[in-house]
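I opened a new notebook page for this chain. These are my entries, in the order I looked things up.

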Amino acid sequence: MVGRKNDVAARGSTALPLCYHTAMARRLPLIGVSTSITVGASPERAYVNSAYLHAVQQAGGVPVPLPPQLSAASLQQIGAELQGLLLTGGGDVDPALFGQAPHPTLYDVAPARDTLETSVLNLALARGVPVLAVCRGIQVLNVALGGTLYQDVAAEPGTEIPHSQKEPRDQPTHKVKVTPGSRLAETLGIDEIEVNSMHHQAIHRLGRGLTAVAWAPDQLVEGAEIDDSARFVLGVQWHPEELVGHSEPARRLFSALVAAARKS
């Protein structure tokens, strides 16, 4: 989920933001940041939790918001300039994309966002651009590579772990174990971490080329990466953008994305 408090909103414009031109002048890495969309609202609005923008900038990158209203031509032009991609949290991925009927708890499905994120992800993967996928982002990554999702983890597979926490967003609520020696473990600097949890969809069957490298105590997948040591493509089910103020492993995730972007 993505909170709307302190969100940055955009209405209908596909013009490149000032930060894009600043980055080009300073040669800072441009990190595309996917945005949410107000489902069923008129006028339609795109927005992004400002925590993502702060996390990217703190790591030395320049965030470039990618609203679902971008045309294919606009996305192609911007995507060709991006040096990194951050897929953010938000509403549910449309289960039609992985061949399932919708669960009764399905909410905030936005086909335009699914299309935008899948398209920019495919561009990034084709160009070898580093990718960090957060919460919904790891689900989009998995589905784009042919995987499937649990639509509501409380119902299937069933769990006693509170994956939709009631505590503040910056408060960890359960542990995650990470495979030692994986790219994710090396990036975090640890192989066990306390994380926050705000989701009800989760990876079921892994997509092509993805390896699960982190698990919650109930064995739900909490982290996955491309099975290619030469490529930086990481996904986490928790929300590190909300933890960067007090968590070094969270900061390391964004720093690693920006560092990889500088090389792309």
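**Entry 1: the model**
I am working with a predicted model. I keep that in mind for every value below.

**Entry 2: α4 against α5**
I started with two helices, α4 (residues 111–127) and α5 (residues 136–144). Their axes come within 10 Å. I read the crossing angle as roughly 70 degrees. Angles from 65 to 115 degrees count as roughly perpendicular, and α4 and α5 are therefore roughly perpendicular to each other. The hand of this crossing is right-handed.

Which residues meet here? From α4 I listed Arg113, Asp114, Glu117, Thr118 and Leu121. From α5 I listed Arg136, Val140, Leu141 and Ala144. I sorted the contact residues by type: four are nonpolar, one is polar and four are charged.

**Entry 3: cover on α5**
Next I asked how many residues of α5 are buried. The count is eight of nine, and the helix is mostly covered. The buried set is Arg136, Gly137, Ile138, Gln139, Val140, Leu141, Asn142 and Val143. Arg136, Val140 and Leu141 are in this buried set, and I had already noted Arg136, Val140 and Leu141 as meeting α4. After α5 comes Gly146, with a positive phi near 95 degrees.

**Entry 4: positive phi without glycine**
I then looked for positive phi in other residue types. Cys135 has phi near 55 degrees and is not a glycine. I placed Cys135 in the loop between β7 (131–134) and α5. Is Cys135 buried or exposed? Cys135 has a relative accessible area of 2%, and the cut-off for buried is under 20%, so Cys135 is buried.

Asp108 is another entry of this kind, with a positive phi of about 50 degrees. Asp108 sits in the loop between β6 (84–87) and α4. Its relative accessibility is 36%, so I logged Asp108 as partly exposed.

**Entry 5: cis peptide bonds**
I checked omega next. The bond joining Ser42 and Pro43 is cis, with omega about 0 degrees. Pro43 belongs to the loop between β3 (36–37) and β4 (46–49). The bond joining Glu156 and Pro157 is cis too, with omega about 10 degrees. I found Pro157 in the loop between β8 (149–150) and β9 (174–178).

**Entry 6: nonpolar cores**
In soluble globular proteins, nonpolar side chains tend to be buried together. I looked for such groups here. The largest nonpolar core has 35 residues. Leu86, Leu132, Leu184, Trp238, Leu253 and Phe254 have the most contacts inside this core. Which helix gives the most to this core? It is α7 (residues 248–263), with eight residues.

Setting aside neighbours within four places in sequence, I found Leu253 in contact with Leu132, Leu184, Thr187, Leu188, Phe232, Leu234, Val236, Trp238 and Pro240. There is also a second, separate core, with 29 residues. Leu82, Leu87, Val120 and Val143 are among its members.

**Entry 7: Ala72**
Ala72 has 66% relative accessibility and counts as exposed. I took the C-alpha separation from Ala72 to Thr115 and got 9.9 Å. The two residues are 43 residues apart along the chain.

Definitions and conventions
Residues are numbered from 1 along each chain as its sequence is written. This is a predicted model: local features need pLDDT of at least 70, side-chain atom pairs count only at pLDDT 80 or more; totals for chains, interfaces and linings use all residues. Side-chain values use heavy atoms; hydrogens and water are left out. Axes are lines fitted to C-alpha atoms, for helices over the stretch in contact, and angles run from 0 to 180 degrees between N-to-C directions. Helices (H or I, at least four residues) and strands (E, at least two) are DSSP runs, numbered from the N terminus. Angles under 35 degrees count as roughly parallel, over 145 as roughly antiparallel, 65 to 115 as roughly perpendicular and the rest as oblique. A crossing is left-handed if the near helix is turned anticlockwise from the far one by less than a right angle, and right-handed if clockwise. Contact means heavy atoms within 4.5 Å. Ala, Val, Leu, Ile, Met, Phe, Trp, Tyr, Cys and Pro count as nonpolar, Asp, Glu, Lys and Arg as charged, and the others, Gly among them, as polar. Buried means under 20% relative accessible area, exposed over 50%, partly exposed in between (1.4 Å probe, protein chains only). A nonpolar core is a set of buried Ala, Val, Leu, Ile, Met, Phe, Trp, Tyr and Cys residues joined through side-chain atoms within 4.5 Å.
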